[in-house]
Amino acid sequence: MTRILNPQTNTAHKPCDDESVRATACGSLVTATHDRTRLVSDETVQTSTAIERCGSCFDDVSGY
């Protein structure tokens, strides 16, 4: 599964149903251009100690 990474904040987000537009489920990156985000694998997010997960996108995380 693909996740959307905001490299500025090192925060991973779940994509909306249509991954082609890189829209996040929480809507927080609605104004971010494609060059300001990266697509990463869910495995990368789970194994990285530097990447935080968005609390609005992921049920088991609190906060942004």
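This is a short tour of one protein chain, stop by stop.

**Before you start.** The model is predicted, so local features need pLDDT of at least 70, side-chain atom pairs count only at pLDDT 80 or more, and totals for chains, interfaces and linings use all residues. Residues are numbered from 1 along each chain as its sequence is written, and side-chain values use heavy atoms, with hydrogens and water left out.

**Stop 1: the whole chain.** Show the cartoon. The protein chain has one helix and four strands. Along the sequence they run β-β-β-α-β. Helices (H or I, at least four residues) and strands (E, at least two) are DSSP runs, numbered from the N terminus. Of the 64 residues, 30% are buried. Buried means under 20% relative accessible area, exposed over 50%, and partly exposed in between (1.4 Å probe, protein chains only).

Stop 2: Two strands pair if DSSP finds at least two bridges between them. Now pick strand 1 (residues 2-6): its antiparallel pairing with strand 2 has three bridges. Click Leu 5; its bridge partner in strand 2 is Ala 12.

Stop 3: In soluble globular proteins, nonpolar side chains tend to be buried together. Beyond neighbours within four places in sequence, Val 45 is in contact (heavy atoms within 4.5 Å) with Arg 3, Ala 12, Val 40, Ile 51 and Arg 53.

**Stop 4: Thr 24.** Go to the loop between strand 2 (11-13) and strand 3 (38-41). Is Thr 24 buried or exposed? Thr 24 is buried, at 4% relative accessible area. A polar atom of its side chain lies 3.3 Å from the backbone nitrogen of Ser 28. Its contacts beyond four places in sequence include Ile 4, His 13 and Cys 16.

**Stop 5: the cysteines.** Select Cys 16, which is partly exposed at 33% relative accessibility. The closest cysteine sulfur, in Cys 57, is 8.4 Å away, too far for a bond. Cys 57 is in no disulfide either; its nearest cysteine sulfur, in Cys 26, is 3.6 Å away. With a cut-off of 2.5 Å between cysteine sulfur atoms, the count is zero disulfides.

Conventions. Polar contact = N/O pair within 3.5 Å; in protein donor to acceptor, adjacent residues only side chain to side chain.
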